[in-house]
Amino acid sequence: SNFPAISAVADIVVSLRWPDKTSVLAQVSGFTRTNPNNKVPEEIQGVTVLCTTPIGGSVKEGIVDVVVYNTRYSQRVATFAGFRVVDATLPQMSGLSTDEAKTGTTSVDVRSSTITEVTLFAGNAKNAIVDIVVGSTTMELLYAQHSSSRRTVKALFKNPAKSASATSDVLHGLVRFGASCGSSCITSCCETGDCSACACATSCFALNFYDDLQPKMDYISTSTGPEVGSTEVVVTVGRLPRVTDGSEVLASVGTDGALAEAHVISSSDDSTSLQLFTPAVALGALATRVLPIELSAKSRPDRKVSFDFTYTAVTPEITTVSPSEGVMAGGNLLSVAVAYFPEDTAVGVSVGGLEVAQGDIAVSDASTRLLTVVSFKQPALSPGSHELRVYPRSDPFGPKSASLLAFTVIDPAALALITPSTTSGPHAPLAPGSVGAAPTGIIRVANYPAYPIASATLAMTTGPHPDNATSAATVTGVSLVAGTADITFLPPSAPTPYAATATLTVTAVEASIPAKTLSFAYQFFDGAATRVVSRRPVRVPARATVYGRTVEMDVPVTLKVANFDQSLTATDLSIVVGIAAEATILSVSHAALCAPGAAGSACNITTIAFLPPAVDSAMDQQVRVSGNGALLAETVLTFFAVCDYEAFCGDSLLMADSKVMVDAPPSSSACEWQLGGKDVCVDPNALERPTALVVSPTEGPASGGTLVTVSYRNLPAFILQDVSVTAGTGGSMVFGIAESIDPTPSSSLVQNSGVVTFLTPKVPGGNLGAVSTVGISLMAAWGRIDQQLTIDFRYTPVVTGAAVASSVFPATVPAGSVDEMVTVLLTNFPMLAATPSPIPLVLGEYGGATLQAGAITASSHESTSVTFLLNISSATGPSLLSVYYAPHGPSMAAAFNLTVAAPAVPAVEQTFPAAGRMGAPQALRLTLVGLPTALTAAGVTVTLALPQAVPYNG
């Protein structure tokens, strides 16, 4: 602004100036004047300058000043401080978010009093994140992910509470993408914007501490209202000291001592909902006045919070009149509602210039500062429109009077047009069978006289002023039934398409009866041209915002186009809405309606269905249908602003269900309680508790990173940012990462289901070596919703380092034995499925050979028992056996020495029983030593040798 004497691009100099005073010129490519009609280029004025920032040479990363001046007035310099020059080849921050759902691109707000979970996103990252430094502290990364194909990174860390010794509310952070960045690569480079001293790729961000213990405004139903006051404002305040009654709340407005009336809806240590009613405020000559409304509990006046409220000057306005039409004779009682009429003021009323007697006027006792209801008797008036005025009797024509310019007094016997009637036609005759070329039109007229009629004529204007040409239609018949006439006519021709006025005149046979007339709009169109005959619907909703989320409501639109090229298909066409937004064509169908032998293409109808693109605000948008490089047809589509359902539902302490709005888009701006048979406003406290239907898997390593899929019911989450994942409680709580959410198409806040996936965090407490079952919670907390679904997840130990052989049996084996079975009990070893067969996942190394385990006899997360069949060496002494999990490799083996001993001499160690009874069979148990361990019954021969003959029965 205030730029002097500019006449050409060459007059303008733009440069970037670094803190070390280095300046580099930018390339100025153009400018526009704030006032394009400025005829004096030499005057001081506002301009917009377009320039391209420099590259190469002395250009480096940093925070610079943008300097702009006119070459002829080099002392009149405009400076913009804080422009950031970045190295586009380095990683760039693309987003920050916290566990409080606060977001930012390169900075984000964090709590001062406690830990804040921060999720960081960056793009153009060729390498993974090595570490993140905030201030002078290296953060512990709870989660880090790198996509080499997309060059994106994502990381999660806990930022501690603000240090008591901190002197600034801003803490700079540095993301380092290399292990050897140099000792000078510290966060101070982010303050200056120049991290060129770092020997690795970096990216900077900032954390802004805020006082999270002070009360904060969570919800305000409205922040504007009339000067007369009485505006209801529902607010929700976080962390306001608990109150039980409105008398405990101080709600001051402005600095003049005005107080708002306060009522407590609910109150807890965490949140308080209040209902406020604003006081009246004098605006004087101002159109608006912004005043702060400051809230505090009288018990703690130091803990206060405020929000701005805009008072607007209002003029009394007639909002409703009942009945909405008057009668010629008058005498009927009219009730008029007037918004913002002055209180305690004598009311005057006039209709059609006739003042209503004071004794015929009554003011309702239910009137308020916002709405005054006045009743009076209507005076007798002639048919037509009359001005209705309500005013203070002390100032009838002052600024506080209200008027309705068109209060209609009806003639009950007047002619009236009834739908459907023919109100358009071709301006020139068309071939028989052509669309819109019906030879006869029909108008349906109510209150048609029953007395004898001399003539019924229909005249139409066919040309604009000054020609003001008028042609008569040919009335071909009148059919009268119970006061309603169907009048058939042949329309005249017009020179060109034209918006005409048609006038029906009915003349009675009796000359003393005045003629009756009826005028209505009639459209002459080019019946042979391509034209849009109809569009359904004519209005579609624009984008809406609900609880900070963009809601797009897709409504298909159908065009019926006459005389369209019927050789074209959907792939041949394009539809552009507005300037350049392309619609999605759903279908194209053609219908040939020509009568046999009819010539030309004036009797074809093409139906085109399309999905218009989303539009941000209410407006009329041009719709252009093109094909083969040519514009074929065009029409207008109206986008309307959807009801502010967030405020509408919030006024009743309910919550808007945006999913219902998407599934059944509204057809108007009106606020409706139901759309598509479903409630739009939902009580968040009445929602069913979420339940998990299927969870898979239910266990994973304590290090985290397991992708878990949960099939759920009644979890009110519809987009990824609706869900947060936590494990554990209190100070050991850790955060997981929600990966995807897919609600079923019929889901709504009241009833929903779907599938959500997430990555588990590291086990709370950080003990990676134990089995633990932890509750993992999926939380949906947005708007007025705070729902939680908790599942049990079993964290399994993480194997780190070599396996351990806790026991070996037998520890001593005979030299030279074959297929000697050795059982090894392993710890710090993965849990495997038990199997009696050889398994390649567990390997052993013995005597220079690699062996598969013969069997897994038992396995748990604590220990695994495996067996090997070994061929023992013939040499006695220690003999090394190593056992390992094949995917981990031999370096992670459990190693121990078997003792190889000389083979024992076979001997009977014990006999039971020691003596037997002759003459009867009996069991004999021998305990033997020195026999092979693999011995089976089939390999044993037992011989009983008696030492001498013993007489038996002689």
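User: Which residue does a disulfide join to C181?
Analyst: C200, with an S to S distance of 1.9 Å. Keep in mind that this is a predicted model.

User: How many disulfides are there in the whole structure?
Analyst: A search of the whole structure turns up six.

User: Back to C181 and C200. Is that disulfide right-handed or left-handed?
Analyst: The S-S torsion is about 100°, so the disulfide of C181 and C200 is right-handed.

User: Where do C181 and C200 lie?
Analyst: Both are in loops. C181 is in the one between β15 (170-176) and α1 (188-192). C200 is in the one between α1 and β16 (202-210). The pair therefore ties together parts that are 19 residues apart in sequence.

User: Buried or exposed, C181 and C200?
Analyst: C181 is buried, and C200 is buried too.

User: OK, next. What is C189 joined to by a disulfide?
Analyst: To C195, at 2.0 Å from S to S. The torsion about that S-S bond is about 80°, so the link of C189 and C195 is right-handed.

User: And are C189 and C195 buried or exposed?
Analyst: Buried, both C189 and C195.

User: What about C190, which residue does it form a disulfide with?
Analyst: With C204. Their sulfur atoms are 2.0 Å apart. The link of C190 and C204 is left-handed, with -75° about the S-S bond.

User: Which elements does the pair of C190 and C204 tie together?
Analyst: C190 lies in helix α1 and C204 in strand β16. So the link ties together parts that are 14 residues apart in sequence.

User: Why does C190 count as buried?
Analyst: Because its relative accessibility is 1%, and buried means under 20%.

User: How does C51 count, buried, partly exposed or exposed?
Analyst: Partly exposed, because C51 has 32% relative accessibility. The partly exposed class lies between the 20% cut-off for buried and the 50% cut-off for exposed.

User: Switching topic. Where is M619 found?
Analyst: In strand β52, which covers residues 619-627.

User: Which residues does M619 touch, beyond those up to four places away in sequence?
Analyst: L637, T638 and F639.

User: What separates the C-alpha atoms of M619 and T638?
Analyst: 6.0 Å, with the two residues 19 apart along the chain.

User: Last one. Why does M619 count as partly exposed?
Analyst: Because the relative accessibility of M619 is 33%.

Technical notes
Residues numbered from 1 in each chain as written. Predicted model: local features only at pLDDT ≥ 70, side-chain atom pairs only at ≥ 80, totals over all residues. Heavy atoms only, no water. Disulfide = S-S within 2.5 Å. Helix = DSSP H or I, 4+ residues; strand = E, 2+ residues; numbered from the N terminus. Buried < 20%, exposed > 50% of the residue type's maximum accessible area, 1.4 Å probe, protein only. Contact = heavy atoms within 4.5 Å.
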